[in-house]
Amino acid sequence: MKVGIIGAAGRMGRTLIEAVQAFDGLVLGAAVDVPGSSLIGADAGELVGQGKLGVLLADDINKVINDADVFIDFTIPEATMVNIRACRAAGRRLVIGTTGLTDEQKAELHAAGADIAICFAANYSVGVTLCLKLLDTAARVLGDEVDIEVIEAHHRHKIDAPSGTALAMGEVVASALGRDLKDCAVYGREGRTGARDRKTIGFETIRAGDIVGEHTVMFAGEGERIEITHKASSRMNFARGAVRAAAWLAERERGVFDMQDVLGLRD
Ligand SMILES: NC(=O)C1=CN([C@@H]2O[C@H](COP(=O)(O)OP(=O)(O)OC[C@H]3O[C@@H](n4cnc5c(N)ncnc54)[C@H](OP(=O)(O)O)[C@@H]3O)[C@@H](O)[C@H]2O)C=CC1
Ligand SMILES: O=C(O)C1=N[C@H](C(=O)O)C[C@H](O)C1
């Protein structure tokens, strides 16, 4: 199966080129990055120091749409929407790792699932996917007896906050407790905030240096505290998961899936 990577010159894109090369049964068919980039026309293999692969970096998915069966997008939300429309029109499968999509953009993504198979996850690491299951269990057991805080840290280049993973963790916990995250989320605190409302879910964001990605969900009660933490020290976990999702999508015709589906963890 041929894979196309969009955002191929980025941090994740370059890691994905290596991950596709290492995955049995997959070959790199296309690579795309932003129009105007000085790297357009470069060989994707040379971007990652692997020598020529014969796949040149294109500036428009439509120019290479026939060169891949499944595309993997790690870009920015505006580009992701263009890629969803292109894949939907051409009947291509799509793995999306981009975070920070608006509710409206997510609605269009889900509508595209009527025609093509899409995998959409804020975090493709197996560890975070497992943490989401653990968080569901923890929230159900601890209920409204604890204060819940989500703390995340990422590198200084990250453009969205809180991270998609932090929001996904908050969604899982809120849903397990029968709350709507839109109503109970508190993003950062400052000034005379008053005492904490137990039914809120707090989010704290750190942006510093080259931190790959760290998430902690704290369940703090009277006399004890539980923390579920995931720390990524390499982007390769995300890339391997996304490539695994691309291979898994080959068997699906349409629908929107996530990493829980890929790993067979869906209840
Ligand atoms: N789901 C997951 O497991 C993970 C998700 N992510 C998410 O993936 C996204 C990318 O992260 P990261 O790789 O660190 O970011 P980078 O900025 O390093 O990479 C994004 C790449 O996309 C390019 N790009 C921008 N606009 C377009 C366009 N219109 N068409 C094609 N390419 C475009 C950028 O070019 P330029 O820089 O020149 O603008 C850049 O090369 C983020 O949303 C991040 O949160 C990250 C890690 C894991
Ligand atoms: O931008 C990143 O780097 C990451 N983004 C994802 C997110 O927003 O959750 C996943 C990972 O934590 C790395």
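## Around ligand 2

Let's start with the ligand shell: Thr99, Ala122, Asn123, His154, Lys158, Ser163, Gly164, Thr165 and Gly213 surround ligand 2. A residue makes the list if its C-beta atom, placed from the backbone, lies within 6 Å of the molecule. Sorted by class, that shell has one nonpolar, seven polar and one charged residues. Here Ala, Val, Leu, Ile, Met, Phe, Trp, Tyr, Cys and Pro count as nonpolar, Asp, Glu, Lys and Arg as charged, and the others, Gly among them, as polar.

A word on the model: it is predicted, so local features need pLDDT of at least 70 and side-chain atom pairs count only at pLDDT 80 or more, while totals for chains, interfaces and linings use all residues. Residues are numbered from 1 along each chain as its sequence is written, and chains are lettered from A and ligands numbered from 1 in the order in which they are written.

The protein chain splits into domain 1 (2–124 + 235–262) and domain 2 (126–232), with bounds that come from an automatic or database domain assignment. Their C-alpha centres lie 28 Å apart. Nine residues from domain 1 and 12 residues from domain 2 take part in the contact, which is counted when C-beta atoms, placed from the backbone, lie within 7 Å.

On the domain 1 side, helix H8 (236–249) and helix H9 (259–262) are the elements giving two or more residues. That side divides into two nonpolar, six polar and one charged.

## The seven-stranded sheet

Seven strands line up as an open, parallel sheet in the order E3-E2-E1-E4-E5-E6-E12. Helices (H or I, at least four residues) and strands (E, at least two) are DSSP runs, numbered from the N terminus, and two strands pair if DSSP finds at least two bridges between them. E3 (57–58) and E12 (255–257) sit at the edges with a single partner strand each, so one side of each has no neighbour in the sheet.

Within this sheet, E5 (residues 93–96) and E6 (residues 117–120) pair in the parallel sense over three bridges. Leu94 has Ile118 in E6 as its bridge partner.

## Strand E7 and its partners

Which strand runs antiparallel to E7 (residues 147–154)? That's E10 (residues 213–220), joined to E7 by seven bridges. In this pairing, Ala153 stands opposite Glu214 in E10.

E7 also has seven bridges to E9 (residues 201–207), this time running parallel. There, Ile151 has Glu204 in E9 as its bridge partner.

Conventions: Contact = placed C-beta atoms within 7 Å.
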